[in-house]
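Have the sequence and the 3D view open as you read.

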Amino acid sequence: MEVKEIKANIFHVTYPTTQDLMKTFIRFQERYESPKFKDKVFTVKEFSEWYKKDTGSEEFTYFDDWTGTNVPGHIFEAFRDGTFAKVHKLEQELLEKLPNDGRTYYVIGTAENGDLDDLEHEMCHALYYTNKDYLNEVTRLLNEYDTTSVEDYIIKLGYNKSVLHDETHAYISASSNSLIERKIEFDKDLHNKLYELFKKTWRV
């Protein structure tokens with residue numbers, strides 16, 4: 001595992017594989033955006049049993065289903081202040097490498113063998129959370145286009161509705177190839193505008 005501050009208050013965590021990444025982030029990520037476990041205290045076993053039912057699978061495939069993570073800094077505090085009575089070794093190892101000084105920050109995670117699309121998708125989330133001008137412009141653009149198909153797809157994937165607009169913008173901006181592969185309709189003009197905004201803002 002390696003942790004780097006790649007932009008002010010944005011930390012990029014890399015692991016050798018997506019399985020290593022997701023095994024560490026599972027409770028951090030799902031406390032942030034799960035439709036079932038957001039803001040709740042839960043064990044990996046509790047989550048895995050729900051996930052199998054939700055996906056209709058007899059096997060727990062979470063560690064292979066997801067290729068990136070994005071978590072705002074405040075989520076980690078529940079794992080430091082005793083809200084979670086038991087913090088696992090992998091979670092603790094990451095906590096020790098992240099800021100603990102009260103500042104606002106964001107964490108994204110990818111695997112060393114991941115795609116550029118995965119990284120840019122997570123970087124979109126980081127800007128959405130940390131850059132007010134970026135957030136405002138994304139919101140303006142989303143309001144100008146019909147994104148219903150993408151939003152429906154995101155809900156079916158298992159995201160909490162509280163992150164719907166954030167995920168919609170990240171999928172259209174940086175994961176458009178994934179949407180095309182799954183025949184999810186989106187406006188190509190919106191994709192171009194969002195992706196150009198992302199590239200311009202990240203360079204600043």
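Helix α5 (residues 116-130) meets helix α10 (residues 188-203) at an angle of about 70°, with 11 Å between their axes. The two are therefore roughly perpendicular to each other, a label given to angles of 65 to 115 degrees; under 35 is roughly parallel, over 145 roughly antiparallel, and the rest oblique. Axes here are lines fitted to C-alpha atoms, for helices over the stretch in contact, and angles run from 0 to 180 degrees between N-to-C directions. On the α5 side the contact (heavy atoms within 4.5 Å) uses Glu120, Met123, Cys124 and Leu127, while α10 brings Tyr195, Phe198, Thr201 and Trp202. Sorted by class, the contact of α5 with α10 has 6 nonpolar, 1 polar and 1 charged residues.

A word on the model itself: it is predicted, so local features need pLDDT of at least 70 and side-chain atom pairs count only at pLDDT 80 or more, whereas totals for chains, interfaces and linings use all residues. Residues are numbered from 1 along each chain as its sequence is written, and side-chain values use heavy atoms, with hydrogens and water left out.

What about the interior? In soluble globular proteins, nonpolar side chains tend to be buried together. In this model the largest nonpolar core has 59 residues, and Phe25 and Phe76 touch the most other members. Helix α1 (residues 18-33) gives the most to this core, with 6 residues. Leaving aside neighbours within four places in sequence, Phe76 is in contact with several residues, among them Phe25, Phe28, Leu94 and Tyr105.

Is Phe42 buried or exposed? Phe42 sits in the loop between α1 and α2 (44-55), and it is buried, with a relative accessible area of 2%; buried means under 20%, exposed over 50%, and partly exposed in between, using a 1.4 Å probe and protein chains only. Beyond its neighbours within four places in sequence, Phe42 is in contact with Arg27, Glu30, Arg31, Phe37, Phe47 and Phe84.

Conventions:
Helices (H or I, at least four residues) and strands (E, at least two) are DSSP runs, numbered from the N terminus. Ala, Val, Leu, Ile, Met, Phe, Trp, Tyr, Cys and Pro count as nonpolar, Asp, Glu, Lys and Arg as charged, and the others, Gly among them, as polar. A nonpolar core is a set of buried Ala, Val, Leu, Ile, Met, Phe, Trp, Tyr and Cys residues joined through side-chain atoms within 4.5 Å.
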